[in-house]
Amino acid sequence: MENLTGKRLSGQYLLEERIGTGGMSDVYKAWDSSRSIHMAIKVLDEELSRQAHIVKMFEGEAQFLEDLGHPNIARLYEFNIFEQYRYLVLEWIDGESLDKIIKRQASPFTLQQVSEVLSQISSALSYLHIKDVIHCDIKPGNILINKNKKVFL
């Protein structure tokens with residue numbers, strides 16, 4: 001997918017930096033000029049946005065995220081279409097993925113650190129299971145930890 005860094009979506013979101021790339025979409029750190037805060041913008045791949053079943057899946061993800069409200073799950077602000085781009089606007093988590101933290105650590109996590117991470121992830125997973133949702137991609141790269149040690153799935 002083409003790097004959209006520097007592009008402005010819907011006149012409101014300036015894509016400052018591509019922070020992740022997946023099979024279907026890219027994620028950007030973006031400045032929201034209306035709210036004066038950073039957001040995470042997940043943009044569906046242009047080629048895939050021409051495939052109806054992929055678009056339906058992406059829109060389904062937006063509807064699913066819209067119904068969630070848990071302190072350890074990033075909040076969805078909106079789903080939007082601008083020009084040829086379909087995108088999700090999500091809460092910006094100012095921190096790092098667990099996989100980056102693990103790679104940088106010189107020594108293993110303490111039992112206390114492991115407990116703090118797992119209790120927050122377990123809370124988010126329990127919430128999802130109550131909603132009849134099974135998260136099929138639990139891995140350190142999909143777990144974010146912010147500057148205050150709050151964990152997000």
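Before the strands are discussed, one term is needed: two strands are said to pair if DSSP finds at least two bridges between them. Please also bear in mind that the model before you is predicted.

With that term in place, consider strand E8, residues 144-146, which pairs with E7 in the antiparallel sense over three bridges. Within this pairing, Glu96 stands opposite Ile145 of E8. The two strands belong to an open sheet of three, in the order E7-E8-E9, with antiparallel pairing. Strand E7 (95-97) and strand E9 (151-152) are the edge strands, each pairing on one side only.

Strand E2, residues 13-21, runs antiparallel to strand E3, residues 25-32, and seven bridges join them. Arg18 has Tyr28 in E3 as its bridge partner, and the hairpin that joins E2 to E3 passes through three residues. E3 is in turn joined to E4 by eight bridges, again antiparallel. Here Ala30 has Met39 in E4 as its bridge partner. The hairpin of E3 and E4 has four residues between the strands, and Ser36 in that hairpin takes a positive phi near 60 degrees.

Which residues touch the most other members of the largest nonpolar core? They are Leu88 and Leu128, in a core of 25 residues. Two or more residues of this core come from each of strand E4 (37-44), helix H1 (52-66), strand E6 (85-91), helix H2 (98-104) and helix H3 (111-130). Apart from this core lies another, of twelve residues, including Met39, Val43, Tyr85 and Tyr87. As for Leu88, its contacts beyond four places in sequence include Ala40, Ile41, Phe58, Ala62, Leu65 and Phe79, together with Lys42 and Glu61.

Two loop residues deserve a comparison. Asn72 is found in the loop between H1 and strand E5 (76-82). Is Asn72 buried or exposed? Its relative accessible area is 7%, so Asn72 counts as buried, the cut-off being under 20%. Beyond four places in sequence, Asn72 touches Gln120, Ser123, Ala124, Lys150, Val151, Phe152 and Leu153.

Phe109, by contrast, lies in the loop between H2 and H3. Phe109 has a relative accessible area of 31% and is therefore partly exposed. Together with Ile102, Val114 and Leu118, Phe109 forms a nonpolar patch on the surface, with about 310 Å² of accessible area in total.

Thank you for your attention.

Notes
Residues are numbered from 1 along each chain as its sequence is written. This is a predicted model: local features need pLDDT of at least 70, side-chain atom pairs count only at pLDDT 80 or more; totals for chains, interfaces and linings use all residues. Side-chain values use heavy atoms; hydrogens and water are left out. A nonpolar core is a set of buried Ala, Val, Leu, Ile, Met, Phe, Trp, Tyr and Cys residues joined through side-chain atoms within 4.5 Å. Buried means under 20% relative accessible area, exposed over 50%, partly exposed in between (1.4 Å probe, protein chains only). Contact means heavy atoms within 4.5 Å. Patches are made of residues with over 30% relative accessible area and no salt bridge: like charges are joined within 9 Å, nonpolar side chains (Val, Leu, Ile, Met, Phe, Trp, Tyr) within 5 Å. Accessible areas come from the Shrake-Rupley method with a 1.4 Å probe; for residues, only the protein chains shown count as cover. A salt bridge is a side-chain nitrogen of Lys or Arg within 4 Å of a carboxyl oxygen of Asp or Glu.
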